[in-house]
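Let us walk through this protein, from the whole fold down to single residues. Keep the model open as you read.

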Amino acid sequence: MTPEDRAFLTGLFEAAVRAADPKAALRGHLPMRPKGRLVVIGAGKGAAQLAAAFEDLWDGPLEGLVVTRYGYGCATRAIKVLEAAHPVPDQAGIAASGALFAAVAGLSADDLVVALICGGGSALLPCPPGELTLEDEAGLNRALLASGAPISVMNAIRKQVSGIKGGRLAAACYPARVVSLVVSDVPGDDPAQVASGPTVPDLVSREDARAMVAAWRIELPDRAAAWLAGDAGRAPDPGDRVFAGHEVRVIASARISLEAAAAASAVPAVILSDAIEGEARDVGKVHAAIAREVAGRNRPFARPVVILSGGETTVTLRGKGRGGRNSEFLLALALAAEGVAFAALAADTDGIDGSENNAGAFADGGSMARLRGLGLDPAALLAGNDAYSAFEALGDLFEPGPTGTNVNDFRAILIR
């Protein structure tokens, strides 16, 4: 890949991230000042940056706390920042969930709670219900992450095996009113799905969650499966009076960010979709077929063009390699489009793809030949879910660091 193409693709990613900048996203969504206290709570990989931006924009007294991933904190004044583990929850996350409940205890009808919610909150807020333990919830998370199920399915199940998700944190704020300001990282931008909706209840029932486990053949840990099979601790109904007067606003999303990247492009840009789901390797093959069609027949888009897409793919773990969904997408793309004159970047807008330190990677039509030249078999690496090792060997990992926001996957394929 030429330095020019790498710089071009990086610039598009940066434009997408700027469109989801916390201060820009929050500016038009500040609530009216309450008669009583303003308590700010939040969770997600960009929660600390959202809290800092809210402090800069708010002109009155406030208090509260937010929870983010280890290493993702930033300086704040009145809002405390706690850190916990992601993607598999830890004891610090349990303590953080308890601290959030304590922060909203004893509020009055004159008080206002502002909830800053973004992707990553599901793992950051473990709260095992009943007699379940942290290991039960961590095991549930591992099973869901390995299942290949879409994020909507994973979150529906998480909400039924939790003491904080599915609107339960908002219910604890009663009688105070709650305004949830949501940075969406889910296809379709349903705010009840972001971070498994700690402050946004939805209509997915216990029975729906059981059906999803069966349909996706998810092997839940025994104790989590037993809890889901029972009737205790159901998620609250959205029509419950404790949610009366609550507001929910999506302040940033993949759609907005992809449109910003397209507007910033010096090359004609097309957006396939901001809500693509499915197996990362399968989505990669579909994008490869489109790239081949454009490069070989100048259709359905005329060259030059940059093809943009977003959403959230999934990975069904078959091997024990390293790599997140964007790296796996890109490896599948590069294999299926080998020899095509393209340059591509796939990355998570929060700066972390899976559990490694890269957001994603770069690839072009010659990446697989170079990989074989290093003595590595790209097909074997893909079969073992080891895309990280492939792009690490090539020196093509993309490592922007934490971005302070999260609007999910960003994919750009440039065909000159």
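This is a predicted model: local features need pLDDT of at least 70, side-chain atom pairs count only at pLDDT 80 or more; totals for chains, interfaces and linings use all residues.

**A guided tour of the fold**

Start with alanine 195, which lies in the loop between β5 (177-183) and α9 (206-215). Residues are numbered from 1 along each chain as its sequence is written, and side-chain values use heavy atoms, with hydrogens and water left out.

Is alanine 195 buried or exposed? Alanine 195 has a relative accessible area of 5%, so it is buried. Buried means under 20% relative accessible area, exposed means over 50%, and partly exposed is in between (1.4 Å probe, protein chains only). Alanine 195 touches Ile117, Cys118, Gly121, Ser122 and Lys165, with residues up to four places away in sequence not counted. Contact means heavy atoms within 4.5 Å. Glycine 44 is 151 residues from alanine 195 in sequence, yet their C-alpha atoms are 7.0 Å apart.

Aspartate 190 has a relative accessible area of 33%, so it is partly exposed. Most residues other than glycine have a negative phi, and most peptide bonds are trans.

Now move to helix α7 (residues 151-160), where lysine 159 is found. Lysine 159 is buried because its relative accessible area is 2%.

Next, find aspartate 350 in the loop between β9 (343-348) and β10 (360-364). Aspartate 350 counts as buried because its relative accessibility is 1%. Which side chain does aspartate 350 join in a polar contact? The partner is lysine 45, at 2.4 Å. A polar contact is a pair of N or O atoms within 3.5 Å; within protein, one must be able to donate a hydrogen and the other to accept it, and residues adjacent in sequence count only if both atoms are side-chain atoms. Aspartate 350 touches Lys45, Tyr72, Gly401, Pro402, Thr403, Thr405 and Asn406, again not counting residues up to four places away in sequence.

Helix α15 (residues 378-383) holds leucine 382. With a relative accessible area of 10%, leucine 382 is buried. Its contacts, leaving aside neighbours within four places in sequence, are with Arg281, Glu328, Leu331, Ala332 and Leu335. Glycine 310 is 72 residues from leucine 382 in sequence and 21 Å from it in space, C-alpha to C-alpha.

Now look at the backbone. The peptide bond from tyrosine 174 to proline 175 is cis, with omega near 10°. Proline 175 is found in the loop between α8 (168-171) and β5. A cis bond also runs from arginine 299 to proline 300, with omega near 0°. Proline 300 is found in the loop between α12 (280-297) and β8 (305-311). Asparagine 298 is in the loop between α12 and β8 as well. Asparagine 298 has a positive phi of about 60°, although it is not a glycine. Its relative accessibility is 35%, so asparagine 298 counts as partly exposed.

Finally, step back to the whole chain. The protein has 16 helices and twelve strands. Its radius of gyration is 21 Å, close to the 22 Å that the globule rule gives for 416 residues, so the protein is as compact as a globular protein of that length. The radius is taken over C-alpha atoms, and the globule rule is 2.2 Å times the number of residues to the power 0.38. The C-alpha trace spans about 65 × 50 × 35 Å along its principal axes. Of the 416 residues, 57% are buried. Among contacts between residues at least 6 apart in sequence, 78% join residues at least 24 apart.

Methods: Helices (H or I, at least four residues) and strands (E, at least two) are DSSP runs, numbered from the N terminus.
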